[in-house]
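Here are my notes for you, as numbered points. Have the structure open while you read.

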Amino acid sequence: MSYVAVEVHPHPNIHVGVVGVGWMGRFHATTVAEKVPGLVLEAIADPDEAATTALARRLGVRKVTADAATVFSDPAVDAVIIASPPRFHPVQMKQASAAGQAIFCEKPAGLNLPDLDAGLAEVARAETPLQIGFNRRYSAGFSRAHQLVCQNAVGTPHLLRSLTRDPAPLVPETIKRNAIFIETLIHDFDMLNWFNSGSVAIDVRTVADALIRPDYASTGFLDTALVTIRYDNGALATAEASLQTSYGYDVRLEVFGPDGMVTAGGAPQPDTRWYGAHGSTAGAAQRNIEIFHDAYVAELTDFRDLVRAWRAGRDLAEFTAGRTAMAGGNDVREALAIAQAAIDSHESGTAVAVEHAATEEAPR
């Protein structure tokens, strides 16, 4: 037999620059270089010369710089992954959009609403695509749970709960003020919004303290928090976080309604069990890139497809409507608004209204 020729229309590669090579940036860079066909790791930027050089050598990248602006001005870079510290996100989104580069930005995309709004406004003016790194949406378990809720499996949600418990030994000196709300619980706020889609948060009430390291309480440090959110469809939600566990990384979600309950997540990872005279035990993941490894790959695969759709001149609103897990500017803006209200509630001791954007939906 002979081969049959098949007409194909290959997509041009998308050349990606990664800005920030902390542990998340390194993981994204590796994903681009090795795990998502159609993406090519073009350049890496980080002030840590040793880290960028080591990563570049491992991944075979020739372009390394300490200055992110070099990546934003590089005509060979089609898209950027912004994984730098959050305080730089709004300005770097502006720089990337001004250069006509597609943007994947890690949460929280800004430390406060004015800065985030300014960054999103520039992206909207440039009409460049923007995706936010809310990776839990791409986890198989959370994705299936969301599908069930959207199929009305529980009816209209009455009670929602999301929690995050980090396994790393707690080092208070390395944690920024209010990071538990802005960088940890922002995932939970997004999950609650996503699972209660079509509704918006009305107000927030927070209780938080330094329970793991009470010796740091006088500095304003917080390592444990519980946030209650009231939505306009009547649903009540709680988001809780602890910055240290004794047993591993623990992320869970529960949605309860008049017709049932859906849950996702949990501490045991992988699903191996050991049975012996002591009883049974299960392991637990120690890092989020273990429990959400496939989700991180899936979100960058979606980003590749978003950039391809943009290049092809497709309507991005129409494209993203079919990608329910894909988070955009409006999603991160709503999550950060809850985080800000949670901070204000903790400081005031009262319920605080959530500040929604006065403009049209932020860009994808």
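Let's start with a quick one: is Cys150 buried or exposed?

1. Cys150 is exposed, at 52% relative accessible area, while Cys105 is buried, at 0%. (Buried is under 20% relative accessible area and exposed is over 50%, using a 1.4 Å probe and protein chains only.) The disulfide count is 0, where a disulfide is a pair of cysteine sulfur atoms within 2.5 Å.

2. Keep in mind that this is a predicted model, where local features need pLDDT of at least 70 and side-chain atom pairs count only at pLDDT 80 or more. Residues are numbered from 1 along each chain, and side-chain values use heavy atoms, without hydrogens or water.

3. Now look for the open sheet: 6 strands in the order 3-2-1-4-5-6, with parallel pairing. (Strands are DSSP runs of E, at least two residues, and helices are runs of H or I, at least four; two strands pair if DSSP finds at least two bridges between them.) Strand 3 (63–65) and strand 6 (130–133) sit at the edges with a single partner strand each, so one side of each has no neighbour in the sheet. From one strand to the next, the twist averages 25 degrees.

4. Strand 1 (residues 14–19) and strand 4 (residues 79–82) run parallel and are joined by 4 bridges. Val18 stands opposite Ile81 in strand 4. Helix 4 (residues 89–98) packs on the sheet, touching strand 1, strand 4, strand 5 (102–106) and strand 6; contact means heavy atoms within 4.5 Å. The direction of helix 4 makes about 170 degrees with that of strand 5 (angles run from 0 to 180 degrees between N-to-C directions of axes fitted to C-alpha atoms).
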